[in-house]
Amino acid sequence: MQRTLSIIKPDAVKKNLIGKIVARFEEEGLRIAAMRKVHLSKREAEGFYAVHAERPFFGELTDFMSSGPAVVMVLEGDNAILRNREIMGATNPAEAAEGTLRKLYADSIGENAVHGSDAPETAAVEIDYFFRATELN
Ligand code: ADP
Ligand code: MG
C-alpha cells in the first residue's frame, strides 16, 4: 500500500473534468484517501513547487497553478506513485501515450491537467503540504 498526491490542475477544473478524472483513478483501482478543492495563492503555489524555483518556467507555472480552483487528492493503492504517473502520461501531452489523462485532456506542457508525486519522499512532503494525518482515511 502506497499513497501519492494528485492534483487536478486549474485547466482541467475549468473544463469540468473533475468527475472524469476521479472516475479514472477509481476505475484503475486507486482509492481516494482524501480530497479537497482549493484555490492556491501565488505564494502557496511557489511553496508547493519550490523544487522548481530555479527553472525558467517557475513564474509561468505558479501563475497558472494559482489562476483558478484545483482539486488536491491523496490516492492510495499498490504502487500508487508509479501507477498514477502511468495514468497521467508524459509531462508534455504531445509525448504522452494514448489514453493517458494528459493525452486526453491537456493542451500544453505547462497546462497539463494533472500533477502526481514522483517518488516516496516527494509524495510524503506533498501530502503533508495539503493534508493532516486525520484527513486521510
Ligand atoms: P511532471 O508534472 O510531469 O512531474 P515536472 O516535475 O518536470 O513534470 O514539472 C512540473 C510542472 O511544471 C509540469 O507538470 C508543468 O506544469 C510545468 N512545466 C514543466 N516543464 C515545462 C516547460 N518546459 N514549460 C512550461 N511549463 C513546464
Ligand atoms: Mg514533477
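Modeller: Let us begin with a pair of strands, β1 and β3, which pair in the antiparallel sense over seven bridges. Please keep in mind throughout that this is a predicted model.

Biologist: What makes β1 and β3 a pair?

Modeller: Two strands count as paired if at least two bridges are found between them, and β1 and β3 are joined by seven, in the antiparallel sense. Within this pairing, Leu5 stands opposite Val74 in β3.

Biologist: Why is β1 described as largely enclosed?

Modeller: A residue is buried when its relative accessible area is under 20%, and five of the seven residues of β1 are buried, so the strand is largely enclosed by the rest of the structure.

Biologist: Why is Ile81 called buried?

Modeller: Ile81, which lies in helix α5, has a relative accessible area of 6%, and is therefore buried, the limit for that word being under 20%. Leaving aside its neighbours within four places in sequence, Ile81 is in contact with Gln2, Arg3, Thr4, Ser117, Asp118, Ala119, Pro120 and Ala123.

Biologist: Is Thr62 buried or exposed?

Modeller: Thr62 is in helix α4, residues 58–65, and with 0% relative accessibility it counts as buried. Residues up to four places away in sequence are not counted when we say that Thr62 touches Lys42, Ala45 and Glu46.

Biologist: What makes the meeting of the Thr62 and Lys42 side chains a polar contact?

Modeller: The pair must be N or O atoms within 3.5 Å, one able to donate a hydrogen and the other to accept it, and the side chains of Thr62 and Lys42 make such a contact at 2.7 Å.

Biologist: Why is Gly47 called partly exposed?

Modeller: Gly47, found in helix α3, residues 42–48, has 34% relative accessibility and so counts as partly exposed, a term that covers the range between the limit for buried, under 20%, and the limit for exposed, over 50%.

Biologist: How is Asn16 classed, and where is its place in the chain?

Modeller: Asn16 has a relative accessible area of 72% and is therefore exposed, the cut-off being over 50%. The place of Asn16 is in the loop between α1 (10–14) and α2 (18–27), and its phi is near 65°, a positive value in a residue other than glycine.

Biologist: What can be said of Asn79?

Modeller: Asn79 has a positive phi of about 55° although it is not a glycine, and it is found in the loop between β3 and α5. At 45% relative accessibility, Asn79 counts as partly exposed.

Biologist: Which residues are around ligand 1?

Modeller: The residues around ligand 1 are Lys9, His52, Phe57, Glu60, Leu61, Arg85, Thr91, Arg102, Ile109, Gly110 and Asn112. Among them, His52 has a polar side-chain atom 3.1 Å from an oxygen atom of the ligand, while for Arg85 the corresponding distance to an oxygen atom of ligand 1 is 2.8 Å, and for Thr91 it is 2.5 Å. The protein covers 81% of the 530 Å² of accessible area that ligand 1 has on its own.

Key
Residues numbered from 1 in each chain as written. Chains lettered and ligands numbered in written order. Predicted model: local features only at pLDDT ≥ 70, side-chain atom pairs only at ≥ 80, totals over all residues. Heavy atoms only, no water. Near = heavy atom within 4 Å. Areas by Shrake-Rupley, 256 points an atom, 1.4 Å probe, with all protein chains shown as cover. Helix = DSSP H or I, 4+ residues; strand = E, 2+ residues; numbered from the N terminus. Buried < 20%, exposed > 50% of the residue type's maximum accessible area, 1.4 Å probe, protein only. Contact = heavy atoms within 4.5 Å.
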